[in-house]
Each structure stands twice: as structure tokens, then as C-alpha cells.
Amino acid sequence: MTVETRPCPTLARCINFDSFAAIRSGRTLTNPLSLRLFPGTVLGVVGPNGVGKSSFLSALAHAGVESIGVVRAGDRNFRSMRAQHRASTVALLSQDLAAPGELRVKELVAIGARAARRRNPHRAAQEALEDMGVAELSNRRFGSLSGGQKQLVQLSRVFAQDTPLVILDEPTSALDLYHQKVVAEAMQTLRNRGKIVIAALHDLNYALQSCTQILLLDSDGKSHIGAPLEVLQPDLIHAAYGVQTTIHTTEHGHSFISTH
Amino acid sequence: MSRKSAWAAGIFGGLLLLATIVLSLAVGVVDLTLGETLEVLFNRSSAEPTVEAVVWSIRLPRIIVAMLVGAALATVGTVMQAILRNPLAEPGITGVSAGAAVGAVAAIMLGATGSARWGIPLAAFAGAAAVSFLLLIILQTRRDLGTATIILVGVSFSALAGAIINMLIANAREDSLVRSALFWLAGDLELRTWDHVLLLIGPVVLGVTFLFTRTHALDALSLGESTAATSGINVTRERIVLLLVASLVTGAAVAVSGVISFVGLVVPHAIRIVVGASHARLLPLSAVGGALFLALADTVARGAFGSVIVQTGVVAALVGAPIFLFLLLKRQSS
């Protein structure tokens with residue numbers, strides 16, 4: 001496994017985990033994890049149902065799940081940050097996509113911009129909606145949207161927050177093929193802007209193609225981290241999911257995973 | 001909302017409130033024309049003493065009480081619906097109204113009946129404050145409680161309070177006391193005076209103004225705890241502060257008016273259907289809407305039924321329920 005140990009070139013923009021683990025009902029869900037994420041990382045968190053992917057992400061975002069260890073953005077400890085300050089550092093798309101049905105889409109997205117105290121929340125909201133290709137939903141009420149549209153709108157809210165760390169819990173669970181691609185491209189854009197994305201994903205092929213690193217959580221608390229092709233190997237996947245897989249490589253150099 | 005349209009809405013709302021006051025002043029057993037009403041309002045010294053007393057000592061304080069109570073309950077209802085993420089949340093959902101009712105009924109049974117100025121409201125407010133305090137202790141010691149559990153905590157407070165009220169009423173010394181208690185429980189603004197205005201104005205104006213400053217927090221909390229926590233909100237602390245302020249404002253309102261539950265439940269929904277759910281708009285418009293609605297309901301209660309006694313709370317529900325049903329079904333079909 002290649003755990004990054006080189007010094008962080010732009011220290012302030014790295015995310016450092018030091019013996020970090022989420023806690024539920026008094027026990028840690030994974031073995032304590034130490035790693036360093038550099039700007040421009042898209043980390044896919046994969047693993048079987050119930051292994052604690054969401055808890056890991058929520059604990060990381062300080063969104064109601066306890067944890068041990070320390071996570072720092074540069075030299076600033078997440079735990080000791082004020083909530084207002086943390087909102088300028090980390091944004092979260094949780095699996096709870098619900099919002100008041102009468103809320104207008106542009107108002108919902110502006111909540112993200114306001115959270116990070118951006119100067120012009122309305123413009124930031126409009127830009128985020130355009131980036132996700134759903135600007136035409138701007139004046140719609142949230143309750144009138146389809147499940148997929150709701151997810152795209154909530155994603156726009158997260159992007160409008162414009163934080164260096166973006167945490168996405170199953171961002172494509174309700175999306176069609178086209179919009180899955182839109183989200184993958186959005187993650188690439190964030191990566192190119194030097195941000196760090198951490199996303200829980202179920203689709204291993206999607207993870208393989210859209211992430212620069214993979215964190216595989218195993219049900220016995222073990223975890224594996226590294227480049228996608230290193231971690232999504234058949235033996236590790238079999239150990240985690242109990243499913244046999246093969247990695248195929250096309251003549252263009254694209255890899256994909258098939259189950260048998 | 002842009003600054004300009006906010007000003008426009010504010011001025012329009014203010015004019016609407018003033019117009020309602022003048023209209024409402026003219027209605028009652030002693031019928032006045034609008035001209036007479038304005039004359040008494042702006043030229044108080046030269047007015048006929050009985051008319052002056054009707055307008056200045058009986059009707060005006062009652063209207064102002066109605067507006068303060070309406071604004072308070074509608075604002076708090078909006079807040080409760082946002083932080084508990086539940087459309088059925090109303091100001092009394094944490095059990096404060098029931099607590100206030102215990103205080104009021106106890107005071108009535110002890111003899112503070114009729115027009116007693118301070119006894120009943122103070123006892124009612126003490127009851128509401130006691131429930132708020134219990135809630136605060138529970139929220140502080142169990143910081144992990146979810147919104148559904150908080151609602152159930154309120155349900156148990158209300159059940160407990162209901163049992164105590166039934167016990168007090170069953171053991172009343174005289175039947176007239178039972179009647180007084182039932183009258184209070186239905187919510188009425190009969191015989192409300194400047195004393196009641198004084199009692200209300202501090203907690204309501206301070207509390208509602210504070211809640212107006214929390215619009216981002218309310219927006220974020222209405223998206224759920226996880227999202228709120230990453231949107232700059234210290235969820236545990238914010239929820240405790242908001243629930244406490246909301247409970248105390250409700251306590252003050254209910255202490256003066258009796259239990260008028262309909263306003264806090266329905267006005268926020270009606271306003272939300274019309275202007276959307278962004279709290280920067282929803283909260284002030286709910287306050288104005290609540291004030292208008294209860295003042296008009298009270299005007300109807302005073303004027304329209306002749307010899308039949310109709311309480312303010314009863315009119316609020318009689319008039320409000322069909323309007324609300326209409327709005328609700330109209331929205332579903334579009």
C-alpha cells in the first residue's frame with residue numbers, strides 16, 4: 001500500500017488524519033486510520049453495507065457522529081474549530097436529502113453559500129446550479145423535484161459552499177447515467193481546483209474511474225488505502241464483499257471490474 | 001429578498017396592521033363609524049368620555065394583545081416547524097402551553113378568577129417557565145436526542161399537564177370555577193387591559209426579534225442535523241437556545257391569551273405556501289400574518305355574533321380551518 005508520507009507542499013491545504021476512527025455506541029467502527037490527503041485528491045470510500053462509511057464521513061465532518069483521533073486541515077484541528085469556521089473548510093452532502101417542500105431551489109443552494117459567508121450568496125448559488133447543469137430548476141420548489149433532481153440541487157448547495165474539503169455520501173445514488181457523469185466531472189473540476197473530495201460510493205467501477213485514491217473499509221475493522229487499481233483487487237474485494245471479481249483492461253487502457 | 005422589496009413589504013405590513021387596528025376599533029357592542037374612531041384616536045381629549053373609554057381602555061389594549069399574541073405564536077410556530085422538521089409542530093409542542101394551562105387553572109381554582117389582572121397570567125407563565133426549565137435540563141443532559149424524541153418529550157409533558165388539569169377541575173369547589181377554567185382553556189381575549197400589554201410586550205418583542213436574527217440557522221436546521229452541522233451551526237447549542245426562547249415566548253403569549261393553538265400551527269403553513277420556505281421572508285411575514293389573523297379573529301369574536309358568546313380561539317379555528325384547507329388542497333392540485 002502506498003500511504004503518502006512525503007511532506008505536504010502546501011501544508012495549509014492538506015488534510016491529515018491521525019489515528020482517526022468513528023465511534024458508534026461506544027466502539028470504534030474501524031481501526032484507527034492515519035493518512036494524509038493532498039490537494040487534488042478524490043478519495044472514494046467503498047465497503048459493504050453497514051461497515052460504517054456514512055459514520056466515517058459524518059464523524060469527519062463533525063456532523064453528529066463521535067470520533068477518536070485528530071483530523072487537521074493544515075495545522076488547524078477540526079475538533080477545536082468553531083462551527084462557523086468549519087463551514088468554510090468542509091461541506092457535506094449527507095444521505096438525508098430532505099428539505100421543506102416549499103423552499104425554492106435557489107434559496108436552498110444559497111444556504112450553502114451563506115454557510116461559508118460568501119459575499120454574494122445568490123450569485124454563488126446560480127453559478128453552482130449552472131455548474132451542475134440544473135440552472136433551469138432555480139425557481140422551482142424543492143417538493144416538486146424528482147429524486148435525482150433533489151440530489152443534484154443538494155450537490156449544488158455543497159458546491160456553492162466552495163470549501164477546500166468536500167464530503168459526499170453516495171452522491172450518485174439517485175442519478176441516471178448522464179447525471180452520474182456530470183457528478184464525476186464536477187469531482188474532476190474540484191480536483192483541478194486543488195480541492196479534496198471524499199465520497200462514499202457503491203459502484204466500484206464508478207469509484208475506479210472517478211477517484212484518485214480508494215479507501216476500502218472491511219467489516220472486521222481493517223481498511224486498505226491506495227490507488228484505485230491497487231485497492232480494488234479481486235482478493236481484497238472478495239475479502240470485503242464475499243464476491244468474486246475480475247479486472248479487465250480495454251485496448252484504450254480503461255479498466256473495469258466485472259463480477260461472476 | 002432584496003433590501004428594497006424587504007422595505008416595501010415592511011411598510012405594506014405596517015400599514016395593513018394600522019388599518020386593521022382602526023377597523024377593529026370600530027367594531028363591538030358600541031358601534032362606531034370609522035370617522036368617529038379616528039376622531040377619538042387622534043383627538044382623545046375632546047371625545048365623549050364613554051366612547052373614549054371604549055376605544056382607549058377596552059378595545060385598543062385588547063387589539064394590541066391580540067396582535068402581540070398572534071405575532072408571537074405564528075413566529076414560534078414557524079421556528080418549531082423548522083427545528084423539529086415536522087409540519088405538525090406548533091408553539092405548544094414542547095409542552096409549554098400545557099404547563100401554562102396548569103398554572104392558569106390552578107390560579108383559577110385558588111380564586112384568582114374573572115378580571116384578576118396579574119394572578120392568572122403570572123401563574124400561567126410560571127407553569128410555562130417550569131416546563132421550559134425541565135426541557136432545558138433534559139436537552140442539556142441528553143445532547144443526542146433526535147427531533148422525534150424531543151416531540152415525544154413534549155407529548156409526555158402535555159399528557160402529564162392534562163392529567164393535573166383534569167384533577168384540578170374535578171376537585172373544583174364551585175361550578176363557576178370550572179366554567180372559568182374551560183373558558184380560559186379555549187383561549188379568549190375578553191377584558192384584556194394595558195396591564196396585559198405590559199406583561200406581553202417585553203418577552204414577545206425581545207424573543208421575536210432574537211428569532212428574526214436566526215434565519216440562517218433555521219434554514220440550515222430545516223435541512224437536517226448533518227447538513228446544519230456543516231453549515232456553520234452548532235446544532236446542539238442552537239437547538240437548545242431556540243427551543244428555550246421559543247418556549248418562553250409561547251409561555252408569555254399563552255399566559256395572557258389562554259391556549260390559542262391554531263394560529264401557530266396554521267399561519268406559518270399558509271405563509272409558506274404563498275411565499276416559500278426561506279426564513280428571511282417566512283419569519284417576518286408569519287409574524288405580521290399571525291398578528292393580522294388573530295386581531296381580525298378577535299374582531300369577529302367581539303362583533304359578529306350578537307348574543308352568542310364566541311371566544312377568540314374558537315373564531316380563529318372556525319375561520320382559519322376552512323381557509324387553510326382551501327390553501328392546502330389548492331396547492332396539492334397545482
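Phe17(A) is buried, with a relative accessible area of 4% (buried means under 20%, 1.4 Å probe, protein chains only). The model is predicted: local features need pLDDT of at least 70 and side-chain atom pairs pLDDT 80 or more, while totals for chains, interfaces and linings use all residues. Residues are numbered from 1 along each chain as its sequence is written, chains are lettered from A in the order in which they are written, and side-chain values use heavy atoms, without hydrogens and water.

**Aromatic cluster in chain A**
- Ring pairs (Phe, Tyr or six-membered Trp rings with centres within 6.5 Å; planes under 30 degrees apart are stacked, over 60 edge-to-face, the rest tilted) join Phe17(A), Phe20(A) and Phe56(A) into a cluster.
- Phe17(A) and Phe56(A) count as stacked because their planes lie at 5°, with ring centres 6.2 Å apart.
- This pair links strand S1 (residues 15-24) to helix H1 (residues 53-60) of chain A, the two residues being 39 residues apart; helices (H or I, at least four residues) and strands (E, at least two) are DSSP runs, numbered from the N terminus.
- Phe56(A) is also buried, at 2% relative accessibility.

**Interface of chains A and B**
- In contact (heavy atoms within 4.5 Å) are 24 residues of chain B and 24 residues of chain A.
- The rule finds 2 salt bridges across the interface (a side-chain nitrogen of Lys or Arg within 4 Å of a carboxyl oxygen of Asp or Glu).
- Glu107(A) forms a salt bridge with Arg281(B), with the closest N and O atoms 2.6 Å apart.
- H12(B) supplies 4 residues, the largest share of the side of chain B that touches chain A.

Definitions and conventions:
Buried means under 20% relative accessible area, exposed over 50%, partly exposed in between (1.4 Å probe, protein chains only).
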